[in-house]
Amino acid sequence: DEMVPALKDLQERLVFSSDEIHQIVDRRRNSEYDLRRRNGSRKGDFLRYIQSEGDLEALRMLRIKKLFRQKLQQHQRDGTKPSEKDASTTHIGDRHICKLIHTVWQRTITKFGKSDVSLYLQYAD
């Protein structure tokens with residue numbers, strides 16, 4: 001439920017298509033099921049979830065840069081100046097993925113960190 005406004009923002013700004021949003025939701029749902037399964041979740045489930053969200057964040061950043069370049073080119077063709085708001089505005093979708101990665105890391109460290117110091121080192125990276 002918390003992800004709906006952020007994903008809607010990313011879709012409205014054309015960062016991700018509707019089909020991609022559905023794939024993101026399905027992947028997150030499956031990852032959450034893996035973390036909450038009855039026979040116990042594994043550290044690898046948490047790390048895979050974090051990796052997939054990290055990959056999604058990298059893709060989001062690439063697409064944001066591409067959209068910004070396209071907007072700048074459009075302004076150059078039109079002979080107009082881009083507004084300062086274009087460069088400095090942050091949206092809820094821009095923070096959401098990083099926040100989710102942080103939350104999953106916290107859950108991972110809470111569950112496995114007492115016995116695995118390497119998790120703290122991975123989290124620091």
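Is W105 buried or exposed, and what is its relative accessible area? W105 is buried, at 9%. Here, buried means under 20% relative accessible area, exposed means over 50%, and partly exposed lies in between (1.4 Å probe, protein chains only).

This is a predicted model, in which local features need pLDDT of at least 70, side-chain atom pairs count only at pLDDT 80 or more, and totals for chains, interfaces and linings use all residues. Residues are numbered from 1 along each chain as its sequence is written, and side-chain values use heavy atoms, leaving out hydrogens and water.

**View 1. Aromatic pairs.** Rings of Phe, Tyr and Trp (its six-membered ring) pair if their centres lie within 6.5 Å; planes under 30 degrees apart are stacked, over 60 edge-to-face, and the rest tilted. The count is 2 aromatic pairs. The ring centres of F46 and F112 lie 5.5 Å apart with planes at 80 degrees, so this pair is edge-to-face. F46 sits in helix α3 (residues 43-78) and F112 in helix α5 (residues 92-112), 66 residues apart. Helices are DSSP runs (H or I, at least four residues), numbered from the N terminus. Both F46 and F112 are buried. W105 and Y123 have ring centres 5.3 Å apart and planes at 50 degrees, so their pair is tilted. W105 belongs to helix α5 and Y123 to helix α6 (residues 117-124). Y123 is partly exposed, at 29%.

**View 2. Helix α3.** The 36 residues of α3 should span 52 Å, and its end C-alpha atoms are 53 Å apart, which agrees. The expected span is 1.5 Å times one less than the number of residues. Buried residues in α3 include Y49, I50, L56 and H75. Just after α3, G79 takes a positive phi of about 75 degrees.

**View 3. S52 and R27.** S52 is found in helix α3. S52 is buried, at 18% relative accessibility. A polar contact of 3.1 Å joins the side chains of S52 and R27. Such a contact is a pair of N or O atoms within 3.5 Å; within protein, one must be able to donate a hydrogen and the other to accept it, and residues adjacent in sequence count only if both atoms are side-chain atoms.

**View 4. Salt bridges.** A salt bridge puts a side-chain nitrogen of Lys or Arg within 4 Å of a carboxyl oxygen of Asp or Glu. The count is 14 salt bridges. In the bridge between D116 and K43, the closest N and O atoms are 2.2 Å apart. D116 lies in the loop between α5 and α6 and K43 in helix α3, so the pair ties together parts 73 residues apart in sequence. D116 is buried, at 13%.

Definitions and conventions
Helices (H or I, at least four residues) and strands (E, at least two) are DSSP runs, numbered from the N terminus.
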